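Work through the exercises below with the coordinates open. Try each task before reading its solution.

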Amino acid sequence: MDLYVTNPGPIDQSVLYDQDKHVSSAVWEGQERGALRCHEHTSKLDQWALTQKQLDLVHKAGFGYLRLIPAISLDNPLISALVERWRRETNTFHLNVGEMTVTLEDVAYLIGLAIDGEPVMGVTYTMCDTICERLLGKAPDHGSTSGGMVKLSWLKESFSHCPEDATMEEIERRTRAYLLYLVGSTIFSTTTGNKVPVMYLPLFEDFDQASKYAWGAAALSFLYRALGNASLKSQSTVSGCLTLLQCWSYYHLDIGRPRLNQDSIHVSFPLVLKWKGKQSGPTANRDLIFYRKALDSLKPSDVEWLPYINIDCRIIPEDIKRSLFLGRSKTMLICFDKAERHLPDRCLRQYGLCQSIPEDVQRWERKSRGVDGGVDLSGKMELELNEWLDRRLNIVEGDEGVDESEYMQWYMKITRRFVGRLIPLSSEFQRMHAALRDIALLADTVSTQGMDSQQTESVTRIRYIVHECLRDQVGTSMLASSIPQVEHGKRIRGKEMIRRKSNGKRRRKDDPVQCHAATEGDQSQLCSAAVEIDYSQLCLTDAEVDDLQLCHAGGDGVDAQLHTTIGVDGTLICHPTDEIDDDDDDTETCIGITGVDPEVCHAHAVIKGEDQAVPDSSLKTSEDVEQHNDYSIVV
């Protein structure tokens, strides 16, 4: 059997040391969170009516190309599946073909922002009034602010139309408001709704100075942080420049890539514009499960390592061309308090280089700095700033003599190979029960005649262990059959796991019996019960457990009984102690334990309702289980 059927990795946890916190751990255990809520607020950008003077200022500030990017419909399931593959320990996607990531080179090509320049950093704010009054000429009303953030809707309503006779000061103010709106709805979109921090606003005070910042590096740092947060199993949202992420996937992975109705030969800059306009292609059943399975089975032929190699270089602006070498810089990306590592040495094939085993990633603590207003972060992030200043000195190079097979052997040990299970959890559960029944049958029927005392003791020990396992999983198997497996990205919450269709009163949390029933017409398709048994009152001393039986017998009428018995020497040891009445049901379910003094057992539940008879026989082997329906309870 393939090791990864039961162990998806990592086998060596020296790299992915936060696996327990990662969403893939929850998915493997059957805990689906569904598709993430994707936060990007680009739908109303086209409602800003910019004058030519404003457009000139936007271009001067370095946002002329970002402004051209239209609102692209986000594929939430695709983005969610990519997030499941993102690892914040390495800031890369861990795929079956190796690691990949969104690089500084991708940012430059796709959205046209500067990846070289001064770090995007400044003073933090917890209030909006003063800075907005100074740079916008107007302070937001109380309902339009939240701490140091202002609503995007207020910016649009107040500054989206510039009068024809506006003074230059008024034009600059309205342009600053637009730039704040632009970055807050695209590269720095947050999960807080339609708000943007005003700490970016002072960086637009001087439009010439604004163009000297590395906005592309800041956008990538923000995206890395957002992906890292969203990859934790406790999260349900993702933010950042998701248009960049989705279009990066379109260029690099042949998964979910739409077919374009337009001629894509004549590509414009920035390259995100390739996906502008109407798109066609199959969309049915492209949910999170579809994309997860596609990424789990990703083949080398599905990957485009060098998607920009055939792009007409004449459409690339000269300043972008001059900075592309920094796409291979191993450095620290900075966006105010967010500092994230850029590690191109882990994705050398994206630069046309041979991939070798990368260096260990130095662990760094992700801190949330500058929560107080008026804090200048440059004094708190000296190490990160120095690393960015040395970005030109840390350009990674490849080794042509590298054997990539050695890298892949190493990589398969340190990565998470699968997110979803190859075999559904429900099937694994039944197979496990069937295997335990097979072992129990063999152990119970093997003859100890002629064995020495040590061999006899070993056989007895095997019998005891396997029957203990079967006994302990009686309640587990029943409960598992009553909880439907989530196979289509639907999130199940705790209080939704067990539902009743009857109109009877709700049982208290501490009641010993739980039932999940689904009825259709006159016949019940499924009735399962999870029974709490006080094993401290049940003493299995040296007695030998001969058999565990499950029988479901019923008559032709509406009254039927389901008996589960654990036998020792065939003596019934259980009598009824509890009963639950539901007005709509007439089925009796009896849980019994046999073979011990009747006084030590008190697990019995009676539930009334309709059911159909099942032959009074026990399921002995895995073959029996395979022939039974999906709702069988194997004990």
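Predicted model: local features only at pLDDT ≥ 70, side-chain atom pairs only at ≥ 80, totals over all residues.

## Exercise 1: Cis peptide bonds

**Task.** Which residue does a cis peptide bond join to Pro10, and which to Pro270? Where does each proline lie?

**Solution.** 

1. Start with Pro10. A cis peptide bond links Gly9 to Pro10, with omega about -5 degrees.
2. Locate Pro10. This proline lies in the loop between α1 (3–6) and α2 (23–28).
3. Go on to Pro270. A cis peptide bond links Phe269 to Pro270, with omega about 0 degrees.
4. Locate Pro270. This proline lies in the loop between β9 (259–260) and β10 (279–280).

## Exercise 2: Helix α4 and its partner α11

**Task.** How many of the ten residues of α4 are buried? At what angle do α4 and α11 pack?

**Solution.** 

1. Count the buried residues. Nine of the ten are buried, so α4 is largely enclosed by the rest of the structure.
2. Name them. The buried residues of α4 are Pro77, Leu78, Ile79, Ser80, Ala81, Leu82, Val83, Glu84 and Arg85.
3. A packed pair of helices is described by the angle between the axes and the distance between them.
4. Apply them. Helix α4 (residues 76–85) packs with helix α11 (residues 242–252) at about 85 degrees, and the axes are 11 Å apart.
5. Classify the angle. The range 65 to 115 degrees counts as roughly perpendicular. The pair α4 and α11 is therefore roughly perpendicular.
6. List the contact. From α4 come Leu78, Ile79 and Leu82; from α11 come Leu242, Leu245, Gln246, Ser249 and Tyr250.
7. Sort by class. The contact of α4 with α11 has six nonpolar residues, two polar and no charged ones.

## Exercise 3: Helix α5 on α11

**Task.** At what angle do the axes of α5 and α11 cross, and which residues make the contact?

**Solution.** 

1. Take the geometry. The axes of helix α5 (residues 104–111) and α11 cross at roughly 100 degrees and come within 11 Å.
2. Classify. This angle makes α5 roughly perpendicular to α11.
3. List the contact. Asp106, Val107, Leu110 and Ile111 of α5 meet Leu244, Cys247, Trp248, Tyr251 and His252 of α11.
4. Sort by class. The contact of α5 with α11 has seven nonpolar residues, one polar and one charged.

## Exercise 4: The faces of α15

**Task.** Which residues of helix α15 are buried, and which exposed residues lie on the face turned away from the buried side?

**Solution.** 

1. List the buried set. In helix α15 (residues 404–414) the buried residues are Tyr407, Tyr411 and Ile414.
2. Look down the axis. The buried residues of α15 fall within an arc of 65 degrees, so they line one face of the helix.
3. Recall the geometry. An α-helix has 3.6 residues a turn, so residues three or four places apart point the same way.
4. Find the packing partners. The buried residues of α15 pack against β3 (92–95) and β4 (98–100).
5. Turn to the other face. The face turned away from the buried side carries the exposed residues Gln409 and Lys413.

## Exercise 5: The surroundings of Cys132

**Task.** Is Cys132 buried or exposed, and which residues does Cys132 touch beyond four places away in sequence?

**Solution.** 

1. Cys132 is in helix α6 (residues 129–136).
2. Check accessibility. Cys132 has a relative accessible area of 0% and is buried.
3. List the contacts. Leaving out residues up to four places away in sequence, Cys132 touches Gly137, Lys138, Ala139, Pro140, Val198 and Leu201.
4. Compare sequence and space. Cys132 and Pro202 are 70 residues apart in sequence, and their C-alpha atoms are 9.4 Å apart.

Technical notes:
Residues numbered from 1 in each chain as written. Heavy atoms only, no water. Buried < 20%, exposed > 50% of the residue type's maximum accessible area, 1.4 Å probe, protein only. Helix = DSSP H or I, 4+ residues; strand = E, 2+ residues; numbered from the N terminus. Arc of directions from axis to C-beta. Contact = heavy atoms within 4.5 Å. Axes fitted to C-alpha atoms, helices over the stretch in contact; angles between N-to-C directions. Parallel < 35°, antiparallel > 145°, perpendicular 65-115°, else oblique. Nonpolar A, V, L, I, M, F, W, Y, C, P; charged D, E, K, R; others polar.
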